[in-house]
Amino acid sequence: KEKPDEEHLTFSKKDISGTGSIKSNSLSFFVNQPFDFLLCLDSSENINFKYVLALSKATCKIGFEAPQYHDLLQMSIKLDENKQKSVANILKYLKMI
């Protein structure tokens with residue numbers, strides 16, 4: 001994201017070195033948080049986003065069913081044409097847990 005917002009963590013490719021080192025304190029703090037659940041609402045093939053997801057210490061990573069995230073997610077939901085409906089499905093199943 002170009003313009004950071006105080007309430008949301010943002011990062012860019014500048015925050016990750018070519019060798020994979022995290023250069024941003026806030027991004028390093030984020031990936032080291034032991035979240036119970038981490039929702040991945042991305043379905044792109046952005047390598048930096050995938051790398052951050054892989055580094056995350058979250059116990060359960062949940063997101064959209066996609067080949068590029070298959071090995072990183074503990075729970076995946078099929079992405080509908082309507083992304084809002086897909087997000088609602090993720091929340092529905094989380095409430096069941």
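Which residues does Leu 38 touch, not counting residues up to four places away in sequence? With contact taken as heavy atoms within 4.5 Å, Leu 38 touches Phe 30, Leu 53, Ser 56, Ala 58, Cys 60, Lys 61 and Ile 62. The model is predicted, so local features need pLDDT of at least 70 and side-chain atom pairs count only at pLDDT 80 or more, while totals for chains, interfaces and linings use all residues. Residues are numbered from 1 along each chain as its sequence is written, and side-chain values use heavy atoms, with hydrogens and water left out.

Leu 38 also belongs to the largest nonpolar core, whose eight residues are Leu 38, Cys 40, Leu 53, Ala 58, Ala 66, Tyr 69, Leu 72 and Leu 73. Such a core is a set of buried Ala, Val, Leu, Ile, Met, Phe, Trp, Tyr and Cys residues joined through side-chain atoms within 4.5 Å; buried means under 20% relative accessible area, exposed over 50%, and partly exposed in between (1.4 Å probe, protein chains only). A second, separate core has seven residues, among them Cys 60, Phe 64, Met 75 and Ile 77.

Cys 40 is buried, with a relative accessible area of 2%, and Cys 60 is buried at 16%. The structure holds zero disulfides, a disulfide being a pair of cysteine sulfur atoms within 2.5 Å. The sulfur of Cys 40 has its closest cysteine sulfur in Cys 60, 12 Å away, which is too far for a bond.

Leu 41 lies in the loop between strand 1 (37-40) and helix 2 (47-55), where helices (H or I, at least four residues) and strands (E, at least two) are DSSP runs numbered from the N terminus. Leu 41 counts as partly exposed because its relative accessibility is 37%.
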